[in-house]
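Visitor: Please show me how to read the features of a model such as this one.

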Amino acid sequence: MNAAGDHPLVVILGPTGSGKTALSLALAERFAGEIASCDSVAIYRDLLIGTTKPSPQERARAPHHLLDLVAPEEPFTAGDY
């Protein structure tokens, strides 16, 4: 955190199965942070193919955002995202 009170934004990138969720949870727990998913498929409820969403147990460890926002049949554009 800098003198102005701003909190840093940490971006974690990598392929599926590379440990992004584990690292993001460790950082969120260590620094009382929150997790914002940038997986364009994870915004859809009930879609479990093509993405690996955090488990309910993982979601309970830190606040998560941008997961399960809309039903697959609902219109949702990049602008909405």
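**Reading the model**

Guide: The protein has two helices and two strands, where helices (H or I, at least four residues) and strands (E, at least two) are DSSP runs numbered from the N terminus. From the N terminus on, their order is α-β-α-β. This is a predicted model: local features need pLDDT of at least 70, side-chain atom pairs count only at pLDDT 80 or more, and totals for chains, interfaces and linings use all residues. Residues are numbered from 1 along each chain as its sequence is written, and side-chain values use heavy atoms, with hydrogens and water left out.

Visitor: What does the C-alpha trace span along its principal axes?

Guide: The span is about 45 × 25 × 25 Å. Of the 81 residues in the protein, 20% are buried; buried means under 20% relative accessible area, exposed over 50%, partly exposed in between (1.4 Å probe, protein chains only).

Visitor: How is an aromatic pair read, and how many are there here?

Guide: A pair of aromatic rings is described by the distance of the centres and the angle of the planes. Rings of Phe, Tyr and Trp (its six-membered ring) pair if their centres lie within 6.5 Å; planes under 30 degrees apart count as stacked, over 60 as edge-to-face and the rest as tilted. The count here is one aromatic pair. Tyr-44 and Phe-76 form it, edge-to-face, with 6.5 Å from centre to centre and 75° between the planes. The two residues are 32 apart and link distant parts of the chain: Tyr-44 is in the loop between β1 and α2 (56–61), Phe-76 in the segment after β2 (64–65).

Visitor: Is Tyr-44 buried or exposed?

Guide: Tyr-44 has a relative accessible area of 18%, so Tyr-44 is buried. Phe-76, at 21%, is partly exposed.

Visitor: Which residues does His-64 touch?

Guide: Contact means heavy atoms within 4.5 Å. His-64, in strand β2, touches Leu-25, Ile-35, Pro-54, Glu-58 and Arg-59, not counting residues up to four places away in sequence. The side chain of His-64 also reaches the backbone oxygen of Ala-62 at 2.7 Å.

Visitor: What share of the contacts with a separation of 6 or more joins residues 24 or more positions apart?

Guide: That share is 57%.

Notes: Polar contact = N/O pair within 3.5 Å; in protein donor to acceptor, adjacent residues only side chain to side chain.
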